Amino acid sequence: MRSAYRVETVRAAEAALMARLPEGALMQRAAAGLAAACAPLLGQVYGARVVLLVGSGDNGGDALHAGARLARRGAGVAAVLLGARAHEAGLAALLRAGGHVADDPFAMLARADLVLDGITGIGGRGGVRPDAVPVVRAARGSDAVVVAVDLPSGVDADTGAVDGEAVRADATVTFGAYKPGLLVDPAREYAGPVRLVDIGLGPHLPDVPDLEALQHADVARLLPVPRAESDKYRRGVVGVVAGSARYPGAAVLAVTGALRGGAGAVRYVGPAGDAVLARHPETLVHAGPPGKAGRVQAWVIGPGLGDTPGVAEVLASDVPVLVDADGLRQLDPEEVRARAGPTLLTPHAGEAAALLGAAREEVEARRLDAVRELAGRYGATVLLKGSTTLVADPGTGAPVRVNPTGTSWLATAGSGDVLSGLAGSLLAAGLAPRDAGSAAAYLHGLAARRAARGAPVAAYDVAEALQGAWRDVTGEATA
């Protein structure tokens, strides 16, 4: 599992560690790791042209010391000083190693093989300063590989927001711990691939991070596995209320996702029964209302529902309920908060904006803030879909989860219906909403990658690839 920590937490851990180390030792650890990460990007260090964009803080010091190490290996290293002052020891080390301060930063950038962004560190907010903007743009327009030191300058480490001009890096080398902004869009897009350098912060960081990203082993531990004595009820029965005369396909996609999610049976309730049975004859179909359909361990309601009623009746049940798409438009926060059973809401950014009374652009710019606010307002677990999918519990102190899988090809009609069915199936199998949403998003994103392989996919392609994704995660043979 990848864990990310807010700036104040990282700062406290750094202070605790520095109190036990000789002066400057922590910066030397960071610089050594940074230089080691940059060397393969250059191919050959000797003779390479490296430009350091140096601010006045410790971030600039990291860049200067790393530049000194590269200079000692034969690279030509020039520093562009963008702060009121440069880190004194770092600049002295660079000059001793044969580096120099650039007289003409634009000429140096035009010839650079690698640019190290050390303008601002993890405490930066609101974009880079105006005087640094031309240099940042020149670096971006060059042919050089741009590597951010700890975090791209101009992005918000805690929220992932980008308010102003920021460095768009080809890669980021971060120290000690991931920062939330490295894992959450829009800042994640500016960071590129992220390499974590261990500088010894681990023992000084709290056990509970601010953000976490599951990996294969974490998801495998969550996924239900039937036992010899299992029957369809022990495995879980999920009810799906979806589709309409106008959108029968939403019902088919949600049911497909549910069948691929490990539930023992799927009960479909709605007007698209014929379409569902034509694709999945094993489905238990009922015309409705939901309360008359039979026993379920969880409900999924909303995909393609239109204005069809049923949300209030489903919310009145005491089993876990997932609400998506059209179902979200019928929600009353007080009704959700008063539920006896747990609730999982799965909006995309536009739906989240409507629930919050905000603009879609605001949600997309500050996804972490939006998912936390929604979870608190509705007293429900919220899975916020998008380029970065986030899962947050209401007021539990549990870390927000960020999904690391997926592809931009997932931005296709019906893919969210498949995700809803999949997550609902995991709810019916007994997973808590946070785990069900996280595992479903992970499998869904992995299935999309398998199905796409760099080419367009349809939602049903993603559903059909879920079995392979499940096998990938659990390590089962594909034969």
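**Exercise 1. In what order do the seven strands of the open sheet stand, and is the pairing parallel or antiparallel?**

Before the solution, note that this is a predicted model, in which local features need pLDDT of at least 70 and side-chain atom pairs count only at pLDDT 80 or more, while totals for chains, interfaces and linings use all residues. Residues are numbered from 1 along each chain as its sequence is written, and side-chain values use heavy atoms, with hydrogens and water left out.

Step 1. Strands (E, at least two residues) and helices (H or I, at least four) are DSSP runs numbered from the N terminus, and two strands pair if DSSP finds at least two bridges between them.

Step 2. The order of the open sheet is E4-E3-E2-E5-E6-E7-E8, and its pairing is parallel.

Step 3. Strand E4 (100-101) and strand E8 (194-197) are the edges; each has a single partner strand, so one side of each is left without a neighbour in the sheet.

Step 4. Strand E7 (residues 171-175) runs parallel to E8 and is joined to E8 by four bridges, and Phe 175 has Val 197 in E8 as its bridge partner.

**Exercise 2. Find where Asp 218 lies, and what its side chain reaches.**

Step 1. Asp 218 belongs to helix H8 (residues 216-222).

Step 2. With a relative accessible area of 9%, Asp 218 is buried, a term for values under 20%, whereas exposed means over 50% and partly exposed lies in between (1.4 Å probe, protein chains only).

Step 3. The side chain of Asp 218 reaches the backbone nitrogen of Gln 215 at 2.8 Å.

**Exercise 3. Describe the largest cavity and its lining.**

Step 1. On a 1 Å grid over the protein atoms alone, a cavity is a set of points where a 1.4 Å probe fits but cannot get out, and lining residues have an atom within 4 Å of a point. Grid points are joined across faces, edges and corners, and a volume is the space filled by probe spheres set on the points.

Step 2. The count is one cavity of 30 Å³ or more, and the largest cavity holds about 50 Å³ of space.

Step 3. Among the residues lining the largest cavity are Leu 214, Arg 401, Asn 403 and Tyr 442.

Step 4. Strand E18 (400-402) and helix H18 (433-452) each give two or more residues to this lining, and H18 gives the most, with three residues.

Conventions: A polar contact is a pair of N or O atoms within 3.5 Å; within protein, one must be able to donate a hydrogen and the other to accept it, and residues adjacent in sequence count only if both atoms are side-chain atoms. On a 1 Å grid over the protein atoms alone, a cavity is a set of points where a 1.4 Å probe fits but cannot get out, and a pocket is an open set with protein on both sides within 12 Å along at least five of seven lines; lining residues have an atom within 4 Å of a point.
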